[in-house]
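Good morning, and thank you for joining this group meeting.

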Amino acid sequence: MRISVYGKGGIGKSTVSSNLSVALAKRGKKVLQIGCDPKHDSTFTIAGKLIPTVIDVLEEENYKYEEIDENDIIFPGYGGVDTVEAGGPAPGLGCGGYVVGEVVKLLHQLDVYEKYDVMIFDVLEDVVCGGFSVPLQQSDYVCIVTANDFDSLFAANRIITSIKEKSKTYPVKLAGIIGNRTDIQDLIDVYAKKVGAPIINVVPLSEEIRMSRVNGKTLFAIEEEGGGSKNNLTGNFLAIADYLLASPEKIEIEPLGDREVFSLLRKSSLE
């Protein structure tokens with residue numbers, strides 16, 4: 001199973017991806033998480049550090065792809081989850097999307113896809129063009145992370161539009177929406193119902209999650225060390241993992257026009 005995680009920048013995709021990866025590993029799956037952001041910080045709570053990126057390794061080998069071994073780019077992490085970081089050019093230089101496409105190609109060349117039960121692509125922001133759309137073409141399912149606000153739901157709608165278009169030529173399906181860092185979900189509910197998207201889970205706003213990123217550990221690692229969880233946050237991610245492992249059927253989604261999203265959410269917020 002291949003899963004892509006998309007959503008507005010800063011919405012918590014990496015936190016969701018990392019804890020979901022561990023949750024899937026807890027369910028007995030061999031998991032690889034692939035960070036698709038030039039910031040290369042998707043997997044550090046799993047690996048416990050910022051791992052060398054694919055671009056770092058390629059530069060060392062003068063971009064001789066044939067010299068790269070999977071052990072050069074795949075690093076083990078907490079809970080048995082393996083990690084890859086695409087990396088990318090410095091800000092303002094080059095195309096990060098191109099790098100994602102090249103990393104996907106390299107993983108195919110190394111026959112990595114056959115070695116994992118689940119691969120999770122943690123994709124940069126809500127960009128779904130060029131190289132950043134490549135994970136859509138590789139995935140069975142897409143999870144969209146959103147908060148209970150206009151900006152993230154507006155981004156979610158554009159991602160759903162891309163999924164619908166890509167599904168015409170690739171077997172990608174929308175798994176559903178994951179609400180994140182919110183104790184209220186009224187706008188998420190309204191939007192999801194309108195477009196026909198299931199809500200997989202809503203992860204509450206929690207200081208524990210913020211501190212897990214600061215400390216460079218997943219929620220599962222903190223719990224294992226005796227930190228506990230007042231809100232059973234690990235339970236949220238285990239529930240998401242179980243939902244995905246049940247292989248949800250394809251659903252018919254109807255994305256809205258940009259102005260329709262604005263009108264829908266504005267009307268809902270005024271009621």
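Two strands are taken to pair if DSSP finds at least two bridges between them. Please keep that criterion in mind, and note also that this is a predicted model.

Let me begin with strand 1, residues 2–7. Which residue of strand 6 is the bridge partner of tyrosine 6? The partner is isoleucine 144. Strand 1 and strand 6 are joined by five bridges in the parallel sense. Strand 1 also pairs with strand 5, again in the parallel sense, over four bridges. Within that pairing, isoleucine 3 has isoleucine 120 of strand 5 as its bridge partner. Five of the six residues of strand 1 are buried, so this strand is largely enclosed by the rest of the structure.

Eight strands form an open sheet with mixed pairing, and their order is 3-4-2-5-1-6-7-8. The edges are strand 3, residues 75–76, and strand 8, each of which pairs on one side only.

I turn next to strand 7, residues 173–180. Is this strand mostly covered or mostly open? It is mostly covered, with seven of its eight residues buried. Six bridges connect strand 7 with strand 6, residues 141–146, and the two run parallel. One of the pairs is tyrosine 141 with its bridge partner lysine 173. With strand 8, residues 199–203, strand 7 pairs in the parallel sense over four bridges. In that pairing, isoleucine 178 has asparagine 201 as its bridge partner.

Strand 6, helix 7 (residues 150–166) and strand 7 form a right-handed β-α-β unit. From strand 7 the chain then crosses through helix 8, residues 186–195, to strand 8, and this β-α-β crossover is right-handed.

How do the two connecting helices pack against each other? Two packed helices are described by the angle between their axes and the distance between the axes. For helix 7 and helix 8, the angle is about 20° and the axes are 11 Å apart. Angles under 35 degrees count as roughly parallel, and helix 7 and helix 8 are therefore roughly parallel to each other. Their crossing is right-handed. On the helix 7 side, Leu153, Ala156, Asn157 and Ile160 take part, meeting Leu187, Ile188, Tyr191 and Val195 of helix 8.

Finally, I would draw attention to tyrosine 243, which lies in helix 11, residues 233–245. The relative accessibility of tyrosine 243 is 26%, so this residue counts as partly exposed. Which residues does tyrosine 243 contact, leaving aside neighbours within four places in sequence? They are Ala175, Pro198, Ile200 and Pro248. Tyrosine 243 and isoleucine 200 are 43 residues apart in sequence, yet their C-alpha atoms are 7.3 Å apart in space.

Thank you; I would welcome discussion.

Technical notes: Residues are numbered from 1 along each chain as its sequence is written. This is a predicted model: local features need pLDDT of at least 70, side-chain atom pairs count only at pLDDT 80 or more; totals for chains, interfaces and linings use all residues. Side-chain values use heavy atoms; hydrogens and water are left out. Buried means under 20% relative accessible area, exposed over 50%, partly exposed in between (1.4 Å probe, protein chains only). A crossover is right-handed if, with the strands pointing away from the viewer, the path from the first strand over the helix to the second runs clockwise. Axes are lines fitted to C-alpha atoms, for helices over the stretch in contact, and angles run from 0 to 180 degrees between N-to-C directions. Angles under 35 degrees count as roughly parallel, over 145 as roughly antiparallel, 65 to 115 as roughly perpendicular and the rest as oblique. A crossing is left-handed if the near helix is turned anticlockwise from the far one by less than a right angle, and right-handed if clockwise. Contact means heavy atoms within 4.5 Å.
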